[in-house]
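Please read the briefing below alongside the sequence and the structure. The points are grouped by topic.

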Amino acid sequence: MNHLLAVFALEPQLRLVGLALTAMGAFHIVLPRLVDWPADLAATSLLTRQVSYAHLFFIGLTCVLLGLLPLCYAPELLAGTSLGTALLAGQTLFWGARWAFQFVYFSPALWRGDRFRTAGHLALALLWTWVTAVFACALLAGPA
């Protein structure tokens, strides 16, 4: 039972979140082909295509970098320093906004009736809920 409780402690949860975010960032390498963006973007201007792929790259890089913080520095984030607290607050705000976008911005018409996209929507809803909750709990918990 102690092993189970240790898994749910904040430090291992932060490390798991970091691993998940790093993997999400790397996933952006295959994402365009998976959702057929090349075909969708083919009819757009060169500027639109290049901006879309540049944004995709930087979103993936941001996920990796934001994931490396808790993956590599979980104890430091939990130490209660002003920098650690600021980073946890920023992560909570950032991923909380991403969680809200999952429900407020993206139209259900994008995933309803499509099993693959519905599964993606549900998986991302769970992911962003977990990520935001872990950062918020770490922020509210105070020094370890």
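Leu31 is found in helix 3; helices here are DSSP runs of H or I with at least four residues, strands are runs of E with at least two, and both are numbered from the N terminus. At 17% relative accessibility, Leu31 counts as buried, where buried means under 20% relative accessible area, exposed over 50%, and partly exposed in between, with a 1.4 Å probe and protein chains only. The model is predicted: local features need pLDDT of at least 70, side-chain atom pairs count only at pLDDT 80 or more, and totals for chains, interfaces and linings use all residues. Residues are numbered from 1 along each chain as its sequence is written, and side-chain values use heavy atoms, with hydrogens and water left out.

**Leu31 and its surroundings**

- Apart from neighbours within four places in sequence, Leu31 is in contact with Trp37 and Leu56, contact meaning heavy atoms within 4.5 Å.
- Leu31 and Leu69 lie 38 residues apart in sequence, and their C-alpha atoms are 23 Å apart in space.

**The chain as a whole**

- The protein chain has seven helices and zero strands.
- Read from the N terminus, its elements run α-α-α-α-α-α-α.
- Along the principal axes, the C-alpha atoms fill a box of roughly 55 × 30 × 25 Å.
- Of the 144 residues in the protein chain, 27% are buried.
- Among contacts between residues at least 6 apart in sequence, 75% join residues at least 24 apart.

**The largest nonpolar core**

- The largest nonpolar core has 17 residues, and Leu14, Leu21, Trp95, Val131 and Phe135 touch the most other members. A nonpolar core is a set of buried Ala, Val, Leu, Ile, Met, Phe, Trp, Tyr and Cys residues joined through side-chain atoms within 4.5 Å.
- Two or more residues of this core come from each of helix 2 (10-27), helix 5 (46-77), helix 6 (82-104) and helix 7 (115-141).
- Helix 7 gives the most, with six residues.
- Val131 is in contact with Val17, Leu21 and Trp95, leaving aside its neighbours within four places in sequence.

**Helix 2 against helix 7**

- Two packed helices are described by the angle between their axes and the distance between the axes.
- The axes of helix 2 and helix 7 come within 10 Å and cross at roughly 140 degrees. Axes are lines fitted to C-alpha atoms, for helices over the stretch in contact, and angles run from 0 to 180 degrees between N-to-C directions.
- Helix 2 and helix 7 are therefore oblique to each other. Angles under 35 degrees count as roughly parallel, over 145 as roughly antiparallel, 65 to 115 as roughly perpendicular, and the rest as oblique.
- The crossing of helix 2 and helix 7 is left-handed, a term used if the near helix is turned anticlockwise from the far one by less than a right angle, with right-handed for clockwise.
- Helix 2 takes part in the contact through residues including Leu10, Gln13, Leu14 and Val17, and helix 7 through residues including Leu124, Trp128, Val131 and Phe135.
- By class, the residues of this contact are 17 nonpolar, one polar and no charged. Ala, Val, Leu, Ile, Met, Phe, Trp, Tyr, Cys and Pro count as nonpolar, Asp, Glu, Lys and Arg as charged, and the others, Gly among them, as polar.

**Helix 5 against helix 6**

- Helix 5 and helix 6 pack at an angle of about 140 degrees, with axes 11 Å apart, and are therefore oblique to each other.
- Helix 5 passes helix 6 in a left-handed crossing.
- Thr62, Cys63, Leu66, Leu69, Pro70, Glu76 and Leu77 of helix 5 meet Gly84, Leu87, Leu88, Gln91, Phe94 and Trp95 of helix 6.
- The residues of this contact comprise nine nonpolar, three polar and one charged.

- Cys63, in helix 5, is buried at a relative accessible area of 6%.
- His121, in helix 7, is buried at a relative accessible area of 10%.
- Leaving aside neighbours within four places in sequence, His121 is in contact with Gln102 and Trp111.

**Asp36**

- Asp36 is found in the loop between helix 3 (31-34) and helix 4 (37-41).
- Most residues other than glycine have a negative phi.
- Asp36 has a positive phi of about 60 degrees, although it is not a glycine.
- At 44% relative accessibility, Asp36 counts as partly exposed.
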